[in-house]
Amino acid sequence: MSVTLAHAEPSLAGVGDYLELMKPRVMSLVVFTAFVGLVIAPGRIHPVIAATALLCIAVGAGAAGTLNMWYDADIDARMARTAARPIPAGRIAPGEALAFGLTLATGSVVVLGLLVNVAAAALLALTIAFYVVVYTMWLKRTTPQNIVIGGAAGALPPAIGWAAATGSLAVEPLVLFLIIFFWTPPHFWALSLFRCQDYARAGIPMLPVVAGEAQTRWQILLYSLILAPLGAAPWLLGYAGALYGVVALAAGAAMIVLALRLRGEGAGETTNRHSASKRLFSFSILYLFLLFAMLLVDRAAAGLLGHIA
Amino acid sequence: MTAMDAAMNDANNGAKYEPKPEPGVRLTPAQLRARRARSIAIALALGVLVVLFYIVTLVKGPGVLIRPL
């Protein structure tokens, strides 16, 4: 008896396609915030162990991005922004992406647990599971609060970095968690305002699609009003110096001004109607980078002063 | 006819000899190149893991598997 096996077309996927699956830009922000969590943690960590922790966190973030692209390939194909991704473009088969993502997820958590510590590995596993199962598979397609709750996954990396250095958690990494958590909605809703048609076509219930642009602008302002003082919390709570406080307050004020302008933009229908949302989206990236960079500067300055004294 | 005779016949009729195409999937040059690049990337990743475990073992010393929970 002969058995005919159906063969999939042999893959033409290059290494670059697999790297693209890992969402390198998101990964770089994850690694940066985890690095800050690791550096500001008390105690000393060997540079090799610190580098190993960051490598595992980067690979874990890549795994989450890969599994997200595997599950969302159908909606990615319907959106202009994501149609050229490796799976909807046909360069990588869904099964290959799933196997790649699961391998990376398992490998990153196991290696982090073996070489760094179990607490950091558990947090990394929680982050990947939350992003893939809770955000991607459940919330993203069902509620306009998708990125609010799902934002917890993106907010965890500083806590993973802290746990890698100390083996436990404390109030400081939780403050950093809250900053990213409340930063996520204004950031993504600003994006969704000028990509509203795309999300509507893909059937994703983003806030502007479900509740309208005016409500989204109002929500962005509300979250920015919470974010601005929260951004200064590390200084107010005594975890960071005055320089951090000044930068955080100034950047928070700028965020509120941009959110107010965005709210004002809704009234007048100009030809360049999404310029305020694009400006807020770009500034929100700078805002988060500035705050975390200032934490690094603050810690380096404190270390230098301690060394001199 | 022995196997040796058959081989001699094949050699004498070399011009007429055409190897049978092998069954299975035949990769195009582009697919071969892509597979080679992927294989090299996997080998590099495994190499990095081996070196990483070796270095961390040196850093942590003999107590590498002993850690408080």
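Student: How much area do chain A and chain B bury between them?

Tutor: This is a predicted model, where local features need pLDDT of at least 70, side-chain atom pairs count only at pLDDT 80 or more, and totals for chains, interfaces and linings use all residues. Residues are numbered from 1 along each chain, chains are lettered from A in the order written, and side-chain values use heavy atoms without hydrogens or water. Buried area is the accessible area (1.4 Å probe) that two parts lose on being put together, summed over both. Carbon and sulfur atoms carry 76% of it here, and the total is about 1600 Å².

Student: How many residues does the contact take from chain A and from chain B?

Tutor: Contact means heavy atoms within 4.5 Å. By that rule, the contact takes 19 residues from chain A and 16 residues from chain B.

Student: How many salt bridges are there between chain A and chain B?

Tutor: A salt bridge needs a side-chain nitrogen of Lys or Arg within 4 Å of a carboxyl oxygen of Asp or Glu. Over all chains the count is eight. Between chain A and chain B it is zero.

Student: Which residue pairs with Glu20(A) in a salt bridge?

Tutor: Side chains of opposite charge can pair when their charged atoms come close. Here the N to O distance is 3.1 Å. The partner is Arg91(A).

Student: Which element gives the largest share of the nonpolar patch?

Tutor: Patch residues have over 30% relative accessible area (Shrake-Rupley, 1.4 Å probe) and no salt bridge, with nonpolar side chains joined within 5 Å. Val110(A), Leu114(A), Ile42(B), Leu46(B), Leu49(B) and Phe53(B) form this one, with about 500 Å² of accessible area together. H5 of chain A and helix H2 (29-60) of chain B each give two or more residues. The largest share, four residues, comes from H2(B).

Conventions: Patch = residues over 30% accessible without salt bridge, like charges linked within 9 Å, V, L, I, M, F, W, Y side chains within 5 Å.
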